[in-house]
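Reader: I have a structure open on my screen. Can you show me how to read its main features?

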Amino acid sequence: MYHFRGRSDHILDGKGRLSIATRFRDVLRKQYDERLMVMPWKTCLKAYPLPTWEELEVSLMAQGKKHPQQLKMMRYMIGGVVECALDRQGRILLPPNLREECGLQKDVVVNGMISYFEIWDKETWEQVSRPTSEQFAEFEQSLLELGLF
């Protein structure tokens, strides 16, 4: 089983193409195919391999029948997703509407999340996702309590 791990800085080209890190391309090629489903999520994009996305859709539809209040979120997720296939150079084209929705400029951070990866505007990443020393202390305490550290 292969996973998306690690974080790297990238630059979007003038057309909005993002070069996917070799280690992430390897995960796609060895375990899936070269199609990603990319959706906006608050302040970043989430990129799922097509089979993983399809499993998520099935789960969403099943939960939606049990929880009708989730319908708005399901519309947002399923209606906002875009299929982005890797080109021969290992890049994906991020459509303008996705880039705009998440404020992606030229410099981006790609962050692995095991079964998918996130695409962040670098400045937003620095503001929102970089943990403070106080947060690290809280994280460490939580991990100790769970017996994971």
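Author: Start with an inventory. The chain has six helices and eight strands. Keep in mind that this is a predicted model. Along the sequence the pattern reads β-β-α-β-β-α-α-β-β-α-β-β-α-α.

Reader: What box do the C-alpha atoms fill?

Author: Along the principal axes, the box is roughly 45 × 40 × 30 Å. The chain exposes about 9,200 Å², and carbon and sulfur atoms supply 53% of that. Buried residues make up 38% of the 149 residues.

Reader: How do I read the contacts in the chain?

Author: Look at sequence separation. Take contacts between residues at least 6 apart in sequence. Of these, 62% join residues at least 24 apart.

Reader: Now the sheet. How do strands pair in general?

Author: Strands of a sheet pair through backbone hydrogen bonds, either parallel or antiparallel. Here, six strands form an open sheet in the order β1-β7-β8-β4-β3-β5, and the pairing is antiparallel.

Reader: Which strands stand at the edges?

Author: β1 (7-11) and β5 (82-85) do. Each has a single partner strand, so one side of each is left without a neighbour in the sheet. On average, neighbouring strands of this sheet are turned by 30° against each other, direction ignored.

Reader: What joins β7 to β8?

Author: Five bridges join β7 (residues 107-112) to β8 (residues 117-121), and the two run antiparallel. Gly112 has Phe117 as its bridge partner. Val110 stands opposite Ile119.

Reader: How do I read side-chain directions in a strand?

Author: In a regular strand the side chains alternate between the two faces of the sheet.

Reader: Are the residues of β8 buried or exposed?

Author: Five of the five are buried, so β8 is largely enclosed by the rest of the structure.

Reader: On to helices. How do I find the faces of one?

Author: An α-helix has 3.6 residues a turn, so residues three or four places apart point the same way. Take α3 (residues 71-80). Met74, Met77 and Gly80 are buried there. Seen down the axis, the buried residues of α3 fall within an arc of 165°, so they line one face of the helix. On the other side, Lys72, Arg75 and Gly79 are exposed.

Reader: What do the buried residues of α3 pack against?

Author: They pack against β3, α2, β5 and α4 (96-101).

Reader: Where does α2 lie?

Author: Helix α2 (residues 50-66) lies across β3 (35-41) and β4 (44-49). It runs at about 100° to β4.

Reader: Which residues is Thr52 in contact with, leaving aside its neighbours within four places in sequence?

Author: Tyr32 and Ser115. Display those with Thr52 and look at the contacts.

Conventions
Residues are numbered from 1 along each chain as its sequence is written. This is a predicted model: local features need pLDDT of at least 70, side-chain atom pairs count only at pLDDT 80 or more; totals for chains, interfaces and linings use all residues. Side-chain values use heavy atoms; hydrogens and water are left out. Two strands pair if DSSP finds at least two bridges between them. Helices (H or I, at least four residues) and strands (E, at least two) are DSSP runs, numbered from the N terminus. Axes are lines fitted to C-alpha atoms, for helices over the stretch in contact, and angles run from 0 to 180 degrees between N-to-C directions. Contact means heavy atoms within 4.5 Å. Buried means under 20% relative accessible area, exposed over 50%, partly exposed in between (1.4 Å probe, protein chains only). The arc is that of the directions from the helix axis to the C-beta atoms. Accessible areas come from the Shrake-Rupley method with a 1.4 Å probe; for residues, only the protein chains shown count as cover.
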